Amino acid sequence: MRIAIFTDSFWPQINGVTTSVWNMCTELSAQGNEFLIFAPKRKKENGSLPAHNENITVRWLPAEPLPTYPDYLIAYAFSTQDENALAAFRPDVIHVHTPFYVAKKGIDWGKKHHIPVIGTFHTLLSEFLDYLPIPGLKKAMIAQHVTWAYARHFYKDCDVITTPTPILVEELHQHGFKGVKVLSNGIDYEAFARAKGKKPGGKISLAYWGRISFEKRLDVAIDALSIVRKKHPNVELSLIGYGPAEEALKEQAERLGIGKYVHFPGAKRGSAAVAREVSMHHFLVAPSPMETQGMYVLEAMAAGLAIVGCDARAIPTALGKNERGLLFENGNASDCAEKIIQLMEKPVLRKKLVTAAKKWVRSYSKKKIAMKWAELYESLAE
(Lines give C-alpha, C1' and ligand atoms only; values in the text may rest on other atoms or scores of the structure.)
Protein backbone atom coordinates (compact mmCIF):
# COMPACT_ATOMS: atom_id res chain seq x y z
CA MET A 1 0.00 0.00 0.00
CA ARG A 2 0.94 3.66 -0.42
CA ILE A 3 0.17 5.91 2.54
CA ALA A 4 0.68 9.68 2.57
CA ILE A 5 1.34 11.08 6.06
CA PHE A 6 0.71 14.75 6.89
CA THR A 7 1.94 16.01 10.26
CA ASP A 8 2.82 19.40 11.71
CA SER A 9 4.94 17.68 14.37
CA PHE A 10 7.93 15.61 13.31
CA TRP A 11 11.68 15.14 13.60
CA PRO A 12 13.75 16.60 15.14
CA GLN A 13 10.95 17.43 17.58
CA ILE A 14 10.63 14.99 20.45
CA ASN A 15 7.06 14.24 21.44
CA GLY A 16 4.42 11.53 21.26
CA VAL A 17 3.24 12.44 17.78
CA THR A 18 6.73 12.17 16.30
CA THR A 19 7.39 8.88 18.07
CA SER A 20 4.07 7.29 17.14
CA VAL A 21 4.30 8.33 13.47
CA TRP A 22 7.86 7.05 13.15
CA ASN A 23 7.17 3.76 14.96
CA MET A 24 4.22 3.01 12.71
CA CYS A 25 5.93 4.04 9.47
CA THR A 26 9.15 2.13 10.12
CA GLU A 27 7.29 -1.01 11.09
CA LEU A 28 4.90 -1.06 8.12
CA SER A 29 7.53 0.10 5.62
CA ALA A 30 9.63 -2.93 6.57
CA GLN A 31 6.69 -5.03 5.36
CA GLY A 32 6.75 -3.40 1.93
CA ASN A 33 4.29 -0.55 2.42
CA GLU A 34 5.36 2.84 1.06
CA PHE A 35 5.14 6.13 2.94
CA LEU A 36 5.40 9.71 1.75
CA ILE A 37 5.59 12.04 4.74
CA PHE A 38 4.96 15.80 4.61
CA ALA A 39 6.32 17.68 7.61
CA PRO A 40 7.62 21.15 8.54
CA LYS A 41 11.30 22.11 8.66
CA ARG A 42 13.07 25.27 9.76
CA LYS A 43 15.07 27.19 7.21
CA LYS A 44 18.74 26.14 7.18
CA GLU A 45 17.92 22.95 9.12
CA ASN A 46 18.91 19.69 7.47
CA GLY A 47 15.77 17.77 8.44
CA SER A 48 17.82 14.70 9.34
CA LEU A 49 16.04 11.46 10.25
CA PRO A 50 16.95 8.29 12.12
CA ALA A 51 18.02 5.36 9.98
CA HIS A 52 15.19 4.09 7.80
CA ASN A 53 14.53 2.04 4.67
CA GLU A 54 13.85 3.17 1.12
CA ASN A 55 10.08 2.82 1.52
CA ILE A 56 9.94 6.04 3.56
CA THR A 57 10.31 9.40 1.80
CA VAL A 58 9.98 12.77 3.52
CA ARG A 59 9.15 16.06 1.85
CA TRP A 60 10.04 18.96 4.12
CA LEU A 61 7.82 22.04 4.03
CA PRO A 62 9.23 25.49 4.91
CA ALA A 63 8.27 26.61 8.41
CA GLU A 64 8.94 29.13 11.16
CA PRO A 65 8.97 28.44 14.92
CA LEU A 66 6.14 29.59 17.15
CA PRO A 67 7.75 32.52 19.05
CA THR A 68 6.46 31.42 22.45
CA TYR A 69 7.44 27.76 21.88
CA PRO A 70 10.24 27.43 19.30
CA ASP A 71 9.91 23.64 19.23
CA TYR A 72 6.57 24.00 17.44
CA LEU A 73 6.93 24.81 13.77
CA ILE A 74 4.35 26.62 11.69
CA ALA A 75 4.54 25.55 8.04
CA TYR A 76 3.41 28.12 5.51
CA ALA A 77 3.86 26.72 1.98
CA PHE A 78 2.86 23.66 -0.03
CA SER A 79 4.45 24.09 -3.43
CA THR A 80 3.52 22.90 -6.91
CA GLN A 81 6.43 20.47 -6.61
CA ASP A 82 4.87 19.07 -3.42
CA GLU A 83 1.52 18.70 -5.20
CA ASN A 84 3.20 16.92 -8.08
CA ALA A 85 5.11 14.59 -5.77
CA LEU A 86 1.89 13.66 -4.00
CA ALA A 87 0.08 13.04 -7.29
CA ALA A 88 2.96 10.89 -8.58
CA PHE A 89 2.94 8.89 -5.34
CA ARG A 90 -0.74 7.99 -5.90
CA PRO A 91 -1.64 7.34 -2.25
CA ASP A 92 -4.21 4.72 -1.35
CA VAL A 93 -4.86 6.45 1.97
CA ILE A 94 -4.03 9.81 3.53
CA HIS A 95 -3.35 9.93 7.27
CA VAL A 96 -3.19 13.28 9.09
CA HIS A 97 -1.84 13.59 12.63
CA THR A 98 -2.24 17.24 13.66
CA PRO A 99 -4.95 19.89 13.30
CA PHE A 100 -2.87 22.57 11.58
CA TYR A 101 -1.55 23.73 8.20
CA VAL A 102 0.28 20.61 6.99
CA ALA A 103 -2.54 18.24 7.91
CA LYS A 104 -5.12 20.56 6.35
CA LYS A 105 -3.30 20.22 3.04
CA GLY A 106 -3.66 16.46 3.32
CA ILE A 107 -7.37 16.62 4.11
CA ASP A 108 -8.05 19.04 1.25
CA TRP A 109 -6.09 16.94 -1.24
CA GLY A 110 -7.86 13.77 -0.20
CA LYS A 111 -11.27 15.39 -0.49
CA LYS A 112 -10.45 16.83 -3.92
CA HIS A 113 -9.11 13.54 -5.32
CA HIS A 114 -11.53 11.19 -3.52
CA ILE A 115 -8.80 9.50 -1.45
CA PRO A 116 -9.88 8.25 2.00
CA VAL A 117 -8.52 10.33 4.90
CA ILE A 118 -7.81 9.19 8.45
CA GLY A 119 -7.51 11.91 11.08
CA THR A 120 -5.81 10.96 14.33
CA PHE A 121 -6.54 13.07 17.39
CA HIS A 122 -3.31 12.87 19.40
CA THR A 123 -3.34 16.11 21.35
CA LEU A 124 -5.89 18.30 23.10
CA LEU A 125 -5.82 21.70 21.43
CA SER A 126 -6.17 23.40 24.80
CA GLU A 127 -2.51 22.48 25.40
CA PHE A 128 -1.52 25.09 22.86
CA LEU A 129 -3.39 27.93 24.59
CA ASP A 130 -0.50 28.32 27.04
CA TYR A 131 1.71 29.40 24.17
CA LEU A 132 -0.49 32.07 22.62
CA PRO A 133 0.50 35.60 23.72
CA ILE A 134 -2.80 36.35 25.46
CA PRO A 135 -2.68 36.28 29.30
CA GLY A 136 -5.26 34.05 30.93
CA LEU A 137 -6.46 32.64 27.61
CA LYS A 138 -6.33 29.01 28.67
CA LYS A 139 -8.73 29.60 31.56
CA ALA A 140 -11.22 31.55 29.48
CA MET A 141 -14.36 29.53 28.73
CA ILE A 142 -14.72 31.14 25.32
CA ALA A 143 -11.24 29.89 24.38
CA GLN A 144 -12.24 26.34 25.24
CA HIS A 145 -15.38 26.62 23.12
CA VAL A 146 -13.43 28.06 20.21
CA THR A 147 -10.76 25.33 20.28
CA TRP A 148 -13.35 22.56 20.28
CA ALA A 149 -15.31 24.26 17.48
CA TYR A 150 -12.10 24.55 15.48
CA ALA A 151 -11.27 20.87 16.06
CA ARG A 152 -14.74 19.75 14.93
CA HIS A 153 -14.46 21.87 11.79
CA PHE A 154 -10.95 20.64 11.05
CA TYR A 155 -11.74 16.93 11.28
CA LYS A 156 -15.19 17.02 9.66
CA ASP A 157 -13.91 15.95 6.23
CA CYS A 158 -12.02 12.91 7.53
CA ASP A 159 -13.51 9.55 6.61
CA VAL A 160 -12.32 8.05 9.90
CA ILE A 161 -11.23 9.70 13.13
CA THR A 162 -9.04 7.75 15.55
CA THR A 163 -7.66 8.46 18.97
CA PRO A 164 -5.43 6.28 21.16
CA THR A 165 -7.55 5.73 24.29
CA PRO A 166 -11.20 5.11 25.23
CA ILE A 167 -11.20 8.03 27.67
CA LEU A 168 -10.46 10.44 24.84
CA VAL A 169 -13.20 8.89 22.69
CA GLU A 170 -15.64 9.77 25.46
CA GLU A 171 -14.32 13.33 25.65
CA LEU A 172 -14.52 13.77 21.88
CA HIS A 173 -18.08 12.43 21.80
CA GLN A 174 -19.03 14.89 24.54
CA HIS A 175 -17.79 17.70 22.28
CA GLY A 176 -19.74 16.67 19.22
CA PHE A 177 -17.47 14.18 17.43
CA LYS A 178 -19.18 11.09 16.03
CA GLY A 179 -17.99 7.52 15.48
CA VAL A 180 -14.44 7.96 16.78
CA LYS A 181 -12.38 4.74 16.76
CA VAL A 182 -9.84 3.71 19.37
CA LEU A 183 -6.53 2.77 17.79
CA SER A 184 -3.49 2.97 20.01
CA ASN A 185 -0.03 4.25 19.27
CA GLY A 186 2.72 1.65 19.47
CA ILE A 187 5.95 1.73 21.46
CA ASP A 188 9.30 0.13 20.77
CA TYR A 189 8.70 -2.51 23.42
CA GLU A 190 11.82 -4.52 22.63
CA ALA A 191 14.14 -1.52 22.94
CA PHE A 192 12.82 -0.55 26.37
CA ALA A 193 12.46 -4.10 27.70
CA ARG A 194 16.06 -5.00 26.79
CA ALA A 195 17.85 -1.80 27.79
CA LYS A 196 20.28 -2.33 30.66
CA GLY A 197 21.55 0.98 31.94
CA LYS A 198 23.52 1.23 35.17
CA LYS A 199 21.45 2.67 38.00
CA PRO A 200 23.15 5.10 40.39
CA GLY A 201 24.51 3.36 43.47
CA GLY A 202 23.08 4.45 46.82
CA LYS A 203 20.41 6.63 45.21
CA ILE A 204 16.80 6.32 44.16
CA SER A 205 16.37 7.96 40.80
CA LEU A 206 13.03 9.35 39.61
CA ALA A 207 12.57 10.30 35.98
CA TYR A 208 10.31 11.91 33.42
CA TRP A 209 11.00 12.09 29.68
CA GLY A 210 9.37 13.98 26.89
CA ARG A 211 8.49 17.64 26.38
CA ILE A 212 9.61 19.93 29.20
CA SER A 213 6.52 22.09 28.86
CA PHE A 214 4.17 23.82 31.27
CA GLU A 215 1.11 21.63 30.64
CA LYS A 216 3.09 18.57 31.76
CA ARG A 217 2.96 19.96 35.34
CA LEU A 218 6.53 18.98 36.14
CA ASP A 219 6.41 21.57 38.90
CA VAL A 220 4.34 19.01 40.81
CA ALA A 221 7.12 16.43 40.45
CA ILE A 222 9.70 18.90 41.80
CA ASP A 223 7.48 19.84 44.75
CA ALA A 224 6.97 16.12 45.44
CA LEU A 225 10.73 15.51 45.36
CA SER A 226 11.22 18.24 47.95
CA ILE A 227 8.75 16.47 50.25
CA VAL A 228 10.18 12.98 49.64
CA ARG A 229 13.74 14.11 50.37
CA LYS A 230 12.76 15.18 53.89
CA LYS A 231 12.28 11.48 54.69
CA HIS A 232 14.56 9.91 52.08
CA PRO A 233 17.44 12.28 51.22
CA ASN A 234 18.92 9.83 48.70
CA VAL A 235 16.20 10.53 46.10
CA GLU A 236 16.88 12.56 42.94
CA LEU A 237 14.92 13.49 39.82
CA SER A 238 15.89 13.64 36.12
CA LEU A 239 13.77 15.54 33.59
CA ILE A 240 14.87 14.18 30.22
CA GLY A 241 14.04 16.30 27.19
CA TYR A 242 13.78 19.99 26.40
CA GLY A 243 11.12 22.67 26.21
CA PRO A 244 9.98 26.12 27.33
CA ALA A 245 9.41 25.25 30.99
CA GLU A 246 13.01 24.24 31.69
CA GLU A 247 14.25 27.55 33.12
CA ALA A 248 11.18 27.98 35.33
CA LEU A 249 11.64 24.46 36.70
CA LYS A 250 15.32 25.07 37.43
CA GLU A 251 14.40 28.24 39.32
CA GLN A 252 11.74 26.34 41.28
CA ALA A 253 14.24 23.65 42.29
CA GLU A 254 16.72 26.29 43.43
CA ARG A 255 14.06 28.08 45.50
CA LEU A 256 13.26 24.79 47.22
CA GLY A 257 16.95 24.15 47.92
CA ILE A 258 17.07 20.99 45.81
CA GLY A 259 18.64 22.38 42.64
CA LYS A 260 21.55 19.94 42.65
CA TYR A 261 19.15 17.00 42.96
CA VAL A 262 17.06 17.89 39.88
CA HIS A 263 18.90 17.01 36.69
CA PHE A 264 18.27 18.11 33.11
CA PRO A 265 20.30 15.71 30.92
CA GLY A 266 18.76 17.05 27.71
CA ALA A 267 16.96 15.27 24.92
CA LYS A 268 17.74 11.75 23.75
CA ARG A 269 16.80 10.90 20.18
CA GLY A 270 15.64 7.50 18.99
CA SER A 271 14.20 4.59 20.96
CA ALA A 272 17.56 2.99 21.73
CA ALA A 273 19.05 6.18 23.22
CA VAL A 274 15.91 6.99 25.21
CA ALA A 275 15.66 3.41 26.46
CA ARG A 276 19.29 3.40 27.66
CA GLU A 277 18.73 6.65 29.57
CA VAL A 278 15.43 5.47 31.05
CA SER A 279 16.87 2.17 32.23
CA MET A 280 19.23 4.08 34.54
CA HIS A 281 16.28 5.11 36.74
CA HIS A 282 13.98 3.40 39.23
CA PHE A 283 10.68 5.32 39.01
CA LEU A 284 8.67 7.30 36.50
CA VAL A 285 6.75 10.29 37.81
CA ALA A 286 3.97 11.28 35.37
CA PRO A 287 2.21 14.40 36.73
CA SER A 288 0.48 15.64 33.55
CA PRO A 289 -3.34 15.79 33.55
CA MET A 290 -3.35 16.34 29.76
CA GLU A 291 -2.16 12.98 28.45
CA THR A 292 -4.23 11.48 25.65
CA GLN A 293 -2.14 8.32 25.94
CA GLY A 294 1.19 9.08 27.55
CA MET A 295 3.55 6.94 25.51
CA TYR A 296 6.35 7.50 28.02
CA VAL A 297 4.16 5.76 30.61
CA LEU A 298 3.95 2.69 28.37
CA GLU A 299 7.69 2.87 27.71
CA ALA A 300 8.33 3.00 31.46
CA MET A 301 6.26 -0.17 31.89
CA ALA A 302 8.31 -1.96 29.25
CA ALA A 303 11.53 -0.77 30.91
CA GLY A 304 10.46 -2.10 34.31
CA LEU A 305 10.19 1.22 36.14
CA ALA A 306 7.72 1.65 38.97
CA ILE A 307 5.20 4.37 38.09
CA VAL A 308 3.47 7.11 40.01
CA GLY A 309 0.99 8.95 37.78
CA CYS A 310 -1.63 11.66 37.77
CA ASP A 311 -5.21 10.41 38.14
CA ALA A 312 -6.48 12.24 35.06
CA ARG A 313 -7.37 11.50 31.42
CA ALA A 314 -5.37 8.63 29.91
CA ILE A 315 -2.94 7.77 32.69
CA PRO A 316 -5.53 5.80 34.73
CA THR A 317 -6.20 3.75 31.59
CA ALA A 318 -2.59 2.60 31.70
CA LEU A 319 -2.26 2.16 35.46
CA GLY A 320 -5.72 0.74 36.08
CA LYS A 321 -7.08 0.97 39.61
CA ASN A 322 -3.57 1.06 41.09
CA GLU A 323 -2.94 -2.30 39.45
CA ARG A 324 0.13 -1.35 37.38
CA GLY A 325 1.27 1.75 39.23
CA LEU A 326 -0.04 4.19 41.82
CA LEU A 327 -2.27 7.15 41.00
CA PHE A 328 -2.17 10.48 42.82
CA GLU A 329 -4.61 13.37 42.86
CA ASN A 330 -4.14 15.84 40.02
CA GLY A 331 -1.88 18.70 41.10
CA ASN A 332 -1.39 17.33 44.61
CA ALA A 333 2.37 17.17 45.26
CA SER A 334 1.88 15.79 48.78
CA ASP A 335 -0.16 12.87 47.47
CA CYS A 336 2.43 12.30 44.73
CA ALA A 337 5.21 12.23 47.36
CA GLU A 338 3.19 9.86 49.53
CA LYS A 339 2.80 7.41 46.62
CA ILE A 340 6.53 7.57 45.82
CA ILE A 341 7.42 6.87 49.45
CA GLN A 342 4.90 4.01 49.57
CA LEU A 343 6.58 2.29 46.62
CA MET A 344 10.04 2.93 48.03
CA GLU A 345 9.15 1.41 51.38
CA LYS A 346 7.12 -1.53 50.02
CA PRO A 347 9.37 -3.44 47.61
CA VAL A 348 6.95 -6.37 47.37
CA LEU A 349 4.16 -4.07 46.17
CA ARG A 350 6.56 -2.34 43.80
CA LYS A 351 7.62 -5.62 42.24
CA LYS A 352 4.00 -6.74 41.88
CA LEU A 353 3.04 -3.54 40.05
CA VAL A 354 6.10 -3.60 37.78
CA THR A 355 5.49 -7.25 36.82
CA ALA A 356 1.83 -6.59 36.03
CA ALA A 357 2.68 -3.49 34.00
CA LYS A 358 5.33 -5.21 31.92
CA LYS A 359 2.95 -8.03 31.05
CA TRP A 360 0.07 -5.66 30.21
CA VAL A 361 2.09 -3.36 27.96
CA ARG A 362 3.32 -6.11 25.60
CA SER A 363 0.14 -5.67 23.57
CA TYR A 364 1.25 -2.09 22.78
CA SER A 365 4.42 -3.10 20.94
CA LYS A 366 4.79 -1.28 17.64
CA LYS A 367 4.70 -4.60 15.76
CA LYS A 368 1.26 -5.49 17.13
CA ILE A 369 -0.13 -1.98 16.78
CA ALA A 370 1.18 -1.63 13.21
CA MET A 371 -0.86 -4.68 12.21
CA LYS A 372 -4.02 -2.92 13.38
CA TRP A 373 -3.13 0.19 11.39
CA ALA A 374 -2.52 -1.96 8.31
CA GLU A 375 -5.97 -3.48 8.69
CA LEU A 376 -7.56 -0.03 8.86
CA TYR A 377 -5.62 1.25 5.84
CA GLU A 378 -6.59 -1.80 3.80
CA SER A 379 -10.27 -1.53 4.75
CA LEU A 380 -10.40 2.09 3.55
CA ALA A 381 -8.46 1.45 0.34
CA GLU A 382 -10.77 -1.35 -0.86
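This is a predicted model: local features need pLDDT of at least 70, side-chain atom pairs count only at pLDDT 80 or more; totals for chains, interfaces and linings use all residues.
## The main core

Let's start on the inside. The largest nonpolar core is made up of 66 residues. Within this core, the residues with the most contacts are Leu-206, Trp-209, Leu-239, Leu-284 and Val-297. Helix H10, covering residues 295-303, is the top contributor to this core, giving 8 residues. In soluble globular proteins, nonpolar side chains do tend to be buried together.

Which residues does Leu-284 touch, leaving aside those up to four places away in sequence? Its partners are Ala-207, Tyr-208 and Trp-209, then Tyr-296, Val-297 and Ala-300, and finally Leu-305, Ala-306, Ile-307 and Val-308.

## Two residues with positive phi

Now for the backbone. His-114 isn't a glycine, yet its phi is positive, at about 60°. You'll find His-114 in the loop that runs between helix H3 (101-113) and strand E6 (117-120). Is His-114 buried or exposed? With a relative accessible area of 72%, His-114 counts as exposed.

Asn-322 is another residue other than glycine with a positive phi, this one near 60°. Look for Asn-322 in the loop between helix H11 (315-319) and strand E14 (326-328). Asn-322 is partly exposed, and its relative accessible area is 37%.

Terms used. Residues are numbered from 1 along each chain as its sequence is written. Side-chain values use heavy atoms; hydrogens and water are left out. A nonpolar core is a set of buried Ala, Val, Leu, Ile, Met, Phe, Trp, Tyr and Cys residues joined through side-chain atoms within 4.5 Å. Buried means under 20% relative accessible area, exposed over 50%, partly exposed in between (1.4 Å probe, protein chains only). Helices (H or I, at least four residues) and strands (E, at least two) are DSSP runs, numbered from the N terminus. Contact means heavy atoms within 4.5 Å.
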